[in-house]
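The entries follow in the order I made them.

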Amino acid sequence: MIELSHVAYSYGGGELFSDLSLTLSPGSFHFLTGPSGAGKTTLMKLCYGELIATAGEVRLFGEDARQMSRDGIALARRRIGVVHQDCQFLDHLPVSENIALPLTVAGRKDKGIQDLADLIAWVGLTKQASQLPPELSGGERQRAALARAVIMSPDVILADEPTGNIDWEMSQRLLRLLVELNRMGKTVLVATHDMALIRAAKQEVQSRVLRLTERRLQLAGADL
Amino acid sequence: MRVPAFARRGWLLLIGDPKAERAVPPSGFTAWLTSFTAAAMAFLAVFAMAFSFAAGRLADRWSDELARTSTLRLSAPAGQMEAQTATALEVLTTTPGVAEARLLSEAEQQALLEPWFGPGLPVASLPLPRLIEIIEEEDGFDAAGLRARLQAEVPGAVLDDHTRWREPLVAAAARLRSLGWLALLLIGASTGAMITLAAQAALAANAQVIRVMRLVGAQDAYIARAFVRRFTQRTLSGALAGMAAGMAALLLIPRTEVAGGFLTGLGFTGAGWLWPLAIPPLAALVAFAATRTAATRRLRDLS
């Protein structure tokens with residue numbers, strides 16, 4: 001699916017991390033932890049081609065990201081659902097249209113209104129479907145972002161601090177949705193520094209926890 | 001019947017893709033600016049085109065009228081004037097290529113002098129030369145040969161075939177026509193420049209929209225199309241309004257037959273009224289090219 005081999009990323013004259021390797025195999029569930037500023041978001045961006053590694057190789061579905069055209073990256077992103085901490089919506093469009101945006105840009109007409117309604121119901125936003133994103137609460141925005149991330153039935157879901165701005169109950173609800181998606185065979189990578197969330201998840205799904213610290217990626221151990 | 005790809009793309013551009021276009025938020029100022037610019041430029045373009053056509057007609061008319069007439073001026077002592085006039089007319093009527101030779105009457109000479117000396121000039125009492133108007137046949141006559149014959153038979157005759165002052169007049173009219181077309185070109189270029197600026201402003205203001213669309217897998221061509229379509233449609237509608245206003249304004253100018261003169265002849269004749277209809281599609285084409293270039297550059301810079 002997504003493979004990083006000996007990847008380094010530098011900016012502003014400093015190296016954020018180096019010699020970093022990671023393979024997101026089909027159906028796997030990974031957590032990515034680490035202190036703020038360690039490079040979790042940068043690593044996520046490398047995984048969906050928004051950034052290009054300064055050294056090493058990132059392969060998206062078998063293709064070297066550095067060799068891919070902008071259109072090639074765009075097509076790869078249709079197979080990767082991304083949930084940002086700040087969600088990134090088009091604020092002038094209602095929630096339902098924001099969720100359907102990946103289908104719109106891909107020109108997909110095979111998914112109908114009922115499919116969209118089912119997805120909106122699955123994330124519990126039926127009542128909010130016609131509202132504008134700024135009118136939603138933090139948890140509602142995160143669930144809308146998740147719905148948008150999965151509407152194309154992507155192979156991989158990348159969630160960057162998806163529970164950063166929401167309460168514990170809502171975090172649990174979002175986690176259950178991600179676990180449910182993983183059970184459907186989706187590959188999931190969640191960047192978070194919420195250890196309680198990771199502990200809760202480990203009771204429900206088999207997952208690997210990776211810690212990005214001191215410019216290296218390590219497999220976290222029994223301290224979790 | 002198979003519709004060509006370019007025609008299909010053009011049609012899709014006009015009818016638009018409402019879902020795709022909705023991704024770009026409506027921006028009131030740039031929308032208004034684009035429509036207004038297109039309308040104003042189309043209005044001016046109608047006038048530049050009409051000016052060019054009128055100058056062309058003027059050049060043709062001057063060229064035609066002056067090219068087919070010449071004047072013979074006769075100066076002779078009072079006692080010989082009648083004889084020389086008769087001889088000159090005889091020479092002219094027997095010259096190949098001369099369709100008609102006519103002695104101008106006193107009234108006609110008076111009318112010619114009236115703008116300078118006022119009405120009631122006693123032409124008969126003045127030592128004025130006699131004037132003979134020569135109308136040429138289609139192929140014209142041999143001016144050098146005629147001059148040689150006249151010199152031999154009517155020494156006081158001077159043949160003026162208008163070449164000396166016809167050429168600068170026709171050249172001036174042709175230059176006016178060129179200026180009209182140059183004005184049209186400048187209007188087109190200014191339209192392109194202003195729409196480029198408006199498109200760049202819209203693209204800069206919508207950087208977040210572009211980021212989100214890319215995040216969900218939109219290709220650059222798709223994002224560019226959303227902007228290009230919107231600007232092309234706004235330009236087309238603005239130019240249609242400007243063209244209609246320009247044509248209406250031309251119709252309100254008094255006709256040549258009523259008032260006479262170059263300015264009152266500003267306008268189109270017959271099928272010429274179809275020419276301004278080309279302005280809105282041309283303006284849309286300019287907008288399409290300008291926005292597409294701006295969008296492609298901006299998207300490349302954002303990557």
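I first noted that buried means under 20% relative accessible area, exposed over 50%, and partly exposed in between (1.4 Å probe, protein chains only). Helices (H or I, at least four residues) and strands (E, at least two) are DSSP runs, numbered from the N terminus.

This is a predicted model, in which local features need pLDDT of at least 70, side-chain atom pairs count only at pLDDT 80 or more, and totals for chains, interfaces and linings use all residues. Residues are numbered from 1 along each chain as its sequence is written, and side-chain values use heavy atoms, without hydrogens and water.

I looked up helix α3 of chain A, residues 95–106; ten of its twelve residues are buried, so the helix is largely enclosed by the rest of the structure. Among the buried ones I listed Val95(A), Ile99(A), Leu103(A) and Thr104(A). Just after α3(A), I found Gly107(A) with a positive phi of about 70°.

Entry on the interface. I found 21 residues of chain A in contact (heavy atoms within 4.5 Å) with 23 residues of chain B. I looked for salt bridges (a side-chain nitrogen of Lys or Arg within 4 Å of a carboxyl oxygen of Asp or Glu) and the count between chain A and chain B is one. Arg70(A) and Asp220(B) form a salt bridge through their side chains, at 2.5 Å from N to O. On the side of chain A that touches chain B, α2 (70–77) and α3 of chain A each supply at least two residues.

Methods:
Chains lettered and ligands numbered in written order.
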